[in-house]
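User: I am new to this structure. Please take a close look at a single helix and its surroundings.

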Amino acid sequence: MRTKSVGKKKINVVTLGCSKNVYDSEVLMSQLKANGKEVVHEDKGDIVVINTCGFIDNAKEESINTILDYVEAKNRGEVEKVFVTGCLSERYKPDLVREIPDVDQYFGTRDLPVLLKHLGADYKHELVGERLTTTPKHYAYLKISEGCDRPCSFCAIPLMRGGHVSTPIEKLVKEAQKLAKKGTKELILIAQDLTYYGLDIYKKRALGDLLKELVKVEGIEWIRLHYAFPSGFPEDVLDIIREEPKVCNYIDIPLQHINSDLLKSMKRGTTHEKTDALLGKFREKVPDMAIRTTLIVGYPGETQEIFNELKDWVREQRFDRLGCFTYSHEENTGAYVLEDDVPQEVKEARVEEIMEIQSQISWEKNQEKIGNIYKCIFDRKEGNYFIGRTEYDSPDVDNTVLVSAENTYISIGDFAEVRITSAEEFDLYGELI
């Protein structure tokens, strides 16, 4: 057992789950730093704060295992206190208190001031919009709203995050300006639902109005849109994407499925025909747009025939980017009353089938890029390559552009023009122009 430190305690913030959790951890860290606390992200510390995810079974399992690991470290005397916050503890706090009592305190998703108090810090209102970013400094997430009002039957997010609350445009612009002064060049707009932005505070869909203000921020060169809901998508946004150079020709729009009966059961507010019409509008208004989507397979009632419809549609639409997940039967969601009738091994096989189709599509699309020149931003160096992205690619989830570092130097965070010389399924190789 190591000797407890007598002086200043170092607080280690551990982040699990999605980019919204990354954002929340960054806000927590900035508050702690402003209170004179020594804070690190996923490093060694005397006090550990675990920001958990509780979205689906795999995420819950990862969160629980992480909590147990740090509780064991506490019992060995390697850390002094373990605090748990985020979605898992918002949703399952009574169960967690009972099952893992050695955690010092559990907090929900909106308990930041109370959490800070337990860490010997005060919530500083003047710091709203300030974050200690954990991403490379040249890109940052900008969370434009919290929570969700959608009734999707498979989703537990409203149980953990509450109803939709938009952040006013002026606050987001100030936050973007602060980020730009610190060297941020790319803003990735995130929310549970970008499409709904503004309805609560402006009584209209105001994503377009927000974009018009954010493009004025000096130093920001790319603005990227993540997690738009298909139903009620504000079409003025398409005109802005097409006309405004700073707004990337890219959108992440989780469509989840295409069978109309399943979409109705999922309470998605759309149909096969309406979805195709929306995608057609995207491609008509912004022909150069990269469309990313995510799908769920194995939802209750997904027969082989329905799954075949999904496969045919993926082949037909030829998405630029696509992710696929198995359905997770979540308590207290609308779909929980349905029979989880697709065996797990069938769900997993269906994911593999979808991703095999998408891998071929991605390979074919990438072959078409050979010889083309793209503006790329460079995120890091790995081995003998600098790793960058085009405007059609988001960090961590999409394609990368690799440029040999043997006879070339690129500063991380810089933009450069790259000619594509060869391509694989998810990687492009190129040379500087």
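**A close look at helix α11**

Analyst: This model is predicted. Start where the helix stops. Helix α11 is followed by R318, whose phi is positive, near 50°.

Now the helix itself. Helix α11 covers residues 304–317, which makes 14 residues. From its first C-alpha to its last, α11 reaches 20 Å. That is close to the 20 Å expected at 1.5 Å a residue.

Next, its two sides. The buried residues of α11 are I306, F307, L310, K311, W313, V314 and Q317. These residues cover an arc of only 165° around the axis, so they lie on the same side of α11. An α-helix has 3.6 residues a turn, so residues three or four places apart point the same way. On the other side of α11, E305 and E316 are exposed.

What covers the buried residues? The cover includes the helices α9 (260–265), α10 (272–285) and α12 (344–367). It also includes the strands β12 (290–297) and β13 (321–326).

Two packed helices are described by the angle between their axes and the distance between the axes. For α10 and α11, the angle is about 15° and the axes are 13 Å apart. The two helices α10 and α11 are therefore roughly parallel to each other. Helix α10 passes α11 in a right-handed crossing. On the α10 side, the contact is made by H272, T275, D276, L279 and R283. On the α11 side, it is made by E309, W313, E316 and Q317. Among these, W313 and Q317 are also buried residues of α11, while E316 is exposed.

Methods. Residues are numbered from 1 along each chain as its sequence is written. This is a predicted model: local features need pLDDT of at least 70, side-chain atom pairs count only at pLDDT 80 or more; totals for chains, interfaces and linings use all residues. Side-chain values use heavy atoms; hydrogens and water are left out. Helices (H or I, at least four residues) and strands (E, at least two) are DSSP runs, numbered from the N terminus. The expected span of a helix is 1.5 Å times one less than its number of residues. Buried means under 20% relative accessible area, exposed over 50%, partly exposed in between (1.4 Å probe, protein chains only). The arc is that of the directions from the helix axis to the C-beta atoms. Contact means heavy atoms within 4.5 Å. Axes are lines fitted to C-alpha atoms, for helices over the stretch in contact, and angles run from 0 to 180 degrees between N-to-C directions. Angles under 35 degrees count as roughly parallel, over 145 as roughly antiparallel, 65 to 115 as roughly perpendicular and the rest as oblique. A crossing is left-handed if the near helix is turned anticlockwise from the far one by less than a right angle, and right-handed if clockwise.
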